[in-house]
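Please keep the sequence and the model at hand while reading.

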Amino acid sequence: MDIIESAKQRIQREVTDIENRTDLTDDQKRSRIIHIFSATCAAVAVQPIPFADIFVLTPIQAYMGTRLSAIRGMPLSEKEAKDLVVEIGGVVGLGMIAQQIALGLYKTGLPFLAGFTTIPLVYGLTYAIGRVMDLYLEKKERGQTMSQADMRAAWAKAREEGKQQAKTAKAEVMERKDQL
């Protein structure tokens, strides 16, 4: 089997067709998707492209939303998922924008620090977006809505979890960075 075919099969198994796997529970599938996309976004963010992160990362995070919704059996289009990322950003507000600005400044002013600061920042941010999206989808699946206060509380909790997860994912992020 050649490398390209092997890579395609891995992507299909790990991302694009994960909802059909029977060897994982739905919780495991969602956790894997959130981790894979968090590590991927962090690997993309350490590339030297100042202030372009929001334009590159948001579509990747929106795609994460489509995968999470597929696992829940209630598919979202990429536009619906992107709208959800924007809605989460609107509710959590300036914290998310400030982080994007800090990320750009690190890359332009202190590029040698970018690897140390970017990985936990972007991994944690994407992780929190994924967890809040999943909670939003869970409530939607039950016919419930998520209030802004619930979204902010979920964001704060997930952001802390994401920071902790980022510490253990740093080696994987650097490996993914080298593969880009």
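## Overall fold

Along the sequence, the protein chain follows the pattern α-α-α-α-α-α-α. Its secondary structure comes to 7 helices and 0 strands; helices (H or I, at least four residues) and strands (E, at least two) are DSSP runs, numbered from the N terminus. This is a predicted model, in which local features need pLDDT of at least 70 and side-chain atom pairs count only at pLDDT 80 or more, while totals for chains, interfaces and linings use all residues. Residues are numbered from 1 along each chain as its sequence is written, and side-chain values use heavy atoms, with hydrogens and water left out.

Of the 180 residues in the protein chain, 43% are buried. Buried means under 20% relative accessible area, exposed means over 50%, and partly exposed is in between (1.4 Å probe, protein chains only). Among contacts in the protein chain with a separation of 6 or more, 72% come from residues 24 or more positions apart; a contact means heavy atoms within 4.5 Å.

## Packing of α2 with α7

Two packed helices are described by the angle between their axes and the distance between the axes. Helix α2 (residues 26–45) packs against helix α7 (residues 148–179) at an angle of about 60°, and their axes are 8 Å apart. That angle makes α2 oblique to α7. Axes are lines fitted to C-alpha atoms, for helices over the stretch in contact, and angles run from 0 to 180 degrees between N-to-C directions. Angles under 35 degrees count as roughly parallel, over 145 as roughly antiparallel, 65 to 115 as roughly perpendicular and the rest as oblique.

The crossing of α2 and α7 is right-handed. A crossing is right-handed if the near helix is turned clockwise from the far one by less than a right angle, and left-handed if anticlockwise. On the α2 side the contact is made by H35, I36, A39, T40, A42 and A43, and on the α7 side by A169, E172, V173, R176 and K177. By class, this contact of α2 with α7 has 6 nonpolar, 2 polar and 3 charged residues. Ala, Val, Leu, Ile, Met, Phe, Trp, Tyr, Cys and Pro count as nonpolar, Asp, Glu, Lys and Arg as charged, and the others, Gly among them, as polar.

## Packing of α4 with α7

Helix α7 also packs with α4, at an angle of about 90° and with the axes 9 Å apart. α4 and α7 are therefore roughly perpendicular to each other. E87, I88, V91 and V92 of α4 meet Q148, M151, R152 and W155 of α7 in this contact. The residues of the contact of α4 with α7 divide into 5 nonpolar, 1 polar and 2 charged.

## The nonpolar core

The largest nonpolar core has 45 residues, and those with the most contacts inside it are I33, M64, I88, Y123, M133 and W155. A nonpolar core is a set of buried Ala, Val, Leu, Ile, Met, Phe, Trp, Tyr and Cys residues joined through side-chain atoms within 4.5 Å. At least two residues of this core come from each of α2, α3 (53–71), α4 (78–92), α6 (114–141) and α7.

M133 touches Q61, M64, G65, L68, A81, L84, V85 and I88, not counting residues up to four places away in sequence.

L121 lies in helix α6 and is buried, with a relative accessible area of 16%. L121 and K163 are 42 residues apart in sequence, with a C-alpha to C-alpha distance of 7.4 Å. K163 is in helix α7 and counts as partly exposed at 35% relative accessibility. K163 and A128 are 35 residues apart in sequence and 9.2 Å apart in space, C-alpha to C-alpha.

K167 is placed in helix α7 and counts as exposed at 60% relative accessibility. K167 and Y123 are 44 residues apart in sequence, and their C-alpha atoms are 9.4 Å apart. T168 is also in helix α7, and at 67% relative accessibility T168 counts as exposed. The C-alpha atoms of T168 and P120, 48 residues apart along the chain, are separated by 9.8 Å.
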